[in-house]
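User: I am new to this structure and would like to learn how to read its overall shape and one of its residues. Could we go through it step by step?

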Amino acid sequence: AALREGYERFDPRAYLRNNYLPPRADFSSEEFVVPWKLRCLAETFASGEIRGRTLIDVGSGPTIYQLLSACDHFEEIVATDYLAVNREELGRWARGEPGTFDWSPFIRHVCKIEGRGEPWQEKERRLRGRLRRILPIDVHRPDPLGTPLRPPADGLLSAFCLEAVSPDRAAFARALAHVGSLLRPGGHALLLGALGESFYLAGAARLPVVPLAEEDVRAALVGAGFVLRDFRSYAMPPALRTGVDDVDGVFFAHAQK
């Protein structure tokens, strides 16, 4: 209940300013956190192993950066979020409405590291074309979408969602199992998330986060029926500790159901 109340004050634009503009979204060096996240995703998708008809993105928030490498490998992307304000923000971007957040630096960077010489506008167009559904979700329900996803997704992605909406580690593990039910057996899951974080700010909202250690994430994945394929971590440098949260680091996990 406390989490729900806090998220009623969530400001998508403030969240985007805090996390997806400089200094955190600095593309001048791979040492910064946003390029690190984008490289984790680009390298993992470059294997060609993670592909199929449908990818579901759990807790998309107001962001699309996490889908930039994925959009080349799936016919359809299903974005989801608990908050209507985030779903509306995503919808405006997908429709190309003016005044939405400028993701072009992220798209340009992903095109650069993928190294195919693709114009960034082409990737933007492809992602918009494949982002066909934006659905409400509640990861604390056994059926997070309200009804089973038919057919189940071939791939699952979730970035900075589950730890930010779970009051404790047990709830995080249950939420991971719930969203895992959306994925077919043999399907791949990619997770990005915070390590050692207890809160973050989004405008007037101060949101609690369950502080996770690497072993908490590994154990939750195994408990949810996944085999861990890759795990990476990033320590947040002092220059990026801007007061909008108290995050110690970021994890990236690739697991298979």
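User: How does the radius of gyration of the protein chain agree with that of a compact globule?

Analyst: The radius of gyration is taken over C-alpha atoms, and the globule rule is 2.2 Å times the number of residues to the power 0.38. For 257 residues a compact globule would have a value near 18 Å, and the protein chain, with 17 Å, agrees with this. Its C-alpha atoms fill a box of roughly 45 × 40 × 30 Å along the principal axes. This is a predicted model, in which local features need pLDDT of at least 70 and side-chain atom pairs count only at pLDDT 80 or more, while totals for chains, interfaces and linings use all residues. Residues are numbered from 1 along each chain as its sequence is written, and side-chain values use heavy atoms, with hydrogens and water left out.

User: What share of the residues counts as buried?

Analyst: Buried means under 20% relative accessible area, with a 1.4 Å probe and protein chains only; here 55% of the 257 residues count as buried.

User: Where does Lys37 lie, and which residues does Lys37 touch?

Analyst: Helices are DSSP runs of H or I with at least four residues, numbered from the N terminus, and Lys37 lies in helix H3, residues 33-46. Taking contact as heavy atoms within 4.5 Å, and not counting residues up to four places away in sequence, Lys37 touches Tyr20, Tyr65, Phe160, Leu192 and Val250.

User: Which side chain of opposite charge is nearest to Lys37?

Analyst: A salt bridge needs a side-chain nitrogen of Lys or Arg within 4 Å of a carboxyl oxygen of Asp or Glu. Lys37 is buried yet has no salt bridge, and the nearest side chain of opposite charge, Asp245, is 9.1 Å away.

Notes
Buried < 20%, exposed > 50% of the residue type's maximum accessible area, 1.4 Å probe, protein only. Helix = DSSP H or I, 4+ residues; strand = E, 2+ residues; numbered from the N terminus. Lys, Arg positive; Asp, Glu negative; His and termini not counted.
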